[in-house]
Amino acid sequence: MNDSSWGAPPQAGYWGPSDRGPAQGADPAGPAYDAHYAQQTRPMPIVPDVPEHGGDQDDDQGTARLSGPLFRDEPFHAQPARDEPYRDQPPPAQPYAVVPQNPEPMPDAPQPAHSPPPQKKSAGRDLGSAIGVGVGLGVVIIASLFVVKAVFVGVVVVAVVVGLWELTKRLEERKGIKAPLVPLAVGGAAMVVAGYARGAEGAWVAMALTALAVLVWRMTEPPEGYLRDVTAGLFAAFYVPFLATFVTMMLMADDGAWRVLVFLILTVVSDTGAYAVGWRFGRKKLAPRISPGKTREGLLGAVGFAMAAGALCTQFLIDDGTWWQGLLLGLAVAVSATLGDLGESMIKRDLGIKDMGTLLPGHGGIMDRLDSLLPTAPVVWLLLVIFVGSG
């Protein structure tokens, strides 16, 4: 705000008369005084401000409040002397309203009626499809497991081959790594069958032959990227079919079908407990750089659910099993299943993908369902052998 607005003496460049009288020692104010200075200066053109929508207006009278230079840092517009005609300019406009630009909202302003409701916490997946697919897979697995064991072995072979296809396909798409699928698929199927027929010895022999086949098969292509491709092939052979052989090795025992069922139940219960507790109570991230959706509370839920299920299953479904063995088994399953899930999350983050495939609605691909099963299979096989033997 200029000091001249408060009645300072007129100086050079002063735009209007003073309505408060001259300063001490100056000529007396009056019409002649105002007329003299009106002749020395030309009044500024007055441009009315247009009130914006939502300004500070009087709703009752339909007019805006008046304001002036005493309320805003604006120049004071001169008014010519009443007995002087207007020079070169039309008469000044009527006093206009000064509306503050971008007025602040009133603190007690009501919220708009159409404001969206607060968003509810989402589960992050299509639960309907996920439950339907899970139930369908469970029926197929249980039916094949207790009807004909060889049929269940066939189901494992199909899952292994599809999982290898998804893994090698994503490696080629995202990283340009060409792990040879044909020797992996053939060798993977052989590993699963050998594990069921010959046990651990047969599985190791099949693994060695598969690795050799991968090395030889890749020699038919140019040498560029050979080491990269065969390394990925050996990783895929160990990660998918070799770990899956421990499932069929459980099947060799007299109560093999029940051992496999306990293995499946504990893994599914662990995943379900982690998902349910983490979604409802999860606050602290477990491994935010690997899988931001996993929480420490979810891990505790997995441990609690798996230990409870392990105690019941081992006591009632496993020959010579006891509840305390089931507690240890459930704890080990919760840890191995979580590590397996985090391991595949690392792979998917490196590849820059969310799911390995789209074959199973609500779940992703086959590998997205095998991620926790594969590393858990050798853990359950070993602990059951220690607790109740291999027979």
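Helix α4 covers residues 181-218 of this predicted model. A straight helix of 38 residues would span 56 Å at 1.5 Å a residue, yet the end C-alpha atoms of α4 lie only 10 Å apart. The helix bends by about 150° at Arg198.

Helix α10, residues 373-388, gives another case for the same check. Its 16 residues should span 22 Å at 1.5 Å a residue, and the distance between its end C-alpha atoms is 21 Å, so the two values agree. Several residues of α10 are buried: Leu373, Leu374, Thr376, Ala377, Pro378, Val380, Leu383 and Leu384. What do the buried residues of α10 pack against? Their partners are four helices, namely α5 (226-250), α6 (256-281), α8 (323-351) and α9 (366-370). Just after α10 comes Gly389, which has a positive phi of about 90°.

These helices belong to a chain with ten helices and two strands. In sequence order the pattern is α-α-α-α-α-α-β-β-α-α-α-α. The chain has 391 residues, and 37% of them are buried. Of the contacts in the chain with a separation of 6 or more, 70% are between residues 24 or more positions apart.

Strand β2, residues 291-295, contains Lys294. The side chain of Lys294 makes a polar contact with the side chain of Ser291, at 3.1 Å. Leaving aside residues up to four places away in sequence, Lys294 touches Lys284, Lys285, Leu286, Ala287, Asp341, Leu342 and Ser345.

The next topic is charge pairing. Side chains of opposite charge can pair when their charged atoms come close. How many salt bridges does the structure hold? There are eight. One of them joins the side chains of Asp350 and Lys175, with 3.3 Å from N to O. This pair links distant parts of the chain, since Asp350 is in helix α8 and Lys175 is in helix α3 (residues 149-175), and the two are 175 residues apart. Lys175 has a relative accessible area of 39% and is therefore partly exposed.

A salt bridge also forms between the side chains of Arg228 and Asp229, at 3.2 Å from N to O. Is Asp229 buried or exposed? With a relative accessible area of 1%, Asp229 is buried. Arg228, at 41% relative accessibility, counts as partly exposed. Buried here means under 20% relative accessible area, and exposed means over 50%, so a residue in between is called partly exposed. Arg228 and Asp229 are also part of a network of salt bridges that includes Arg218.

The side chains of Asp255 and Arg259 form a further salt bridge, at 2.9 Å from N to O. Asp255 is buried, with a relative accessible area of 6%. Arg259 is buried as well, because its relative accessible area is 5%.

Methods:
Residues are numbered from 1 along each chain as its sequence is written. This is a predicted model: local features need pLDDT of at least 70, side-chain atom pairs count only at pLDDT 80 or more; totals for chains, interfaces and linings use all residues. Side-chain values use heavy atoms; hydrogens and water are left out. Buried means under 20% relative accessible area, exposed over 50%, partly exposed in between (1.4 Å probe, protein chains only). Contact means heavy atoms within 4.5 Å. A polar contact is a pair of N or O atoms within 3.5 Å; within protein, one must be able to donate a hydrogen and the other to accept it, and residues adjacent in sequence count only if both atoms are side-chain atoms. The expected span of a helix is 1.5 Å times one less than its number of residues. The bend at a residue is the angle between axes fitted to the seven residues ending there and the seven starting there. A salt bridge is a side-chain nitrogen of Lys or Arg within 4 Å of a carboxyl oxygen of Asp or Glu.
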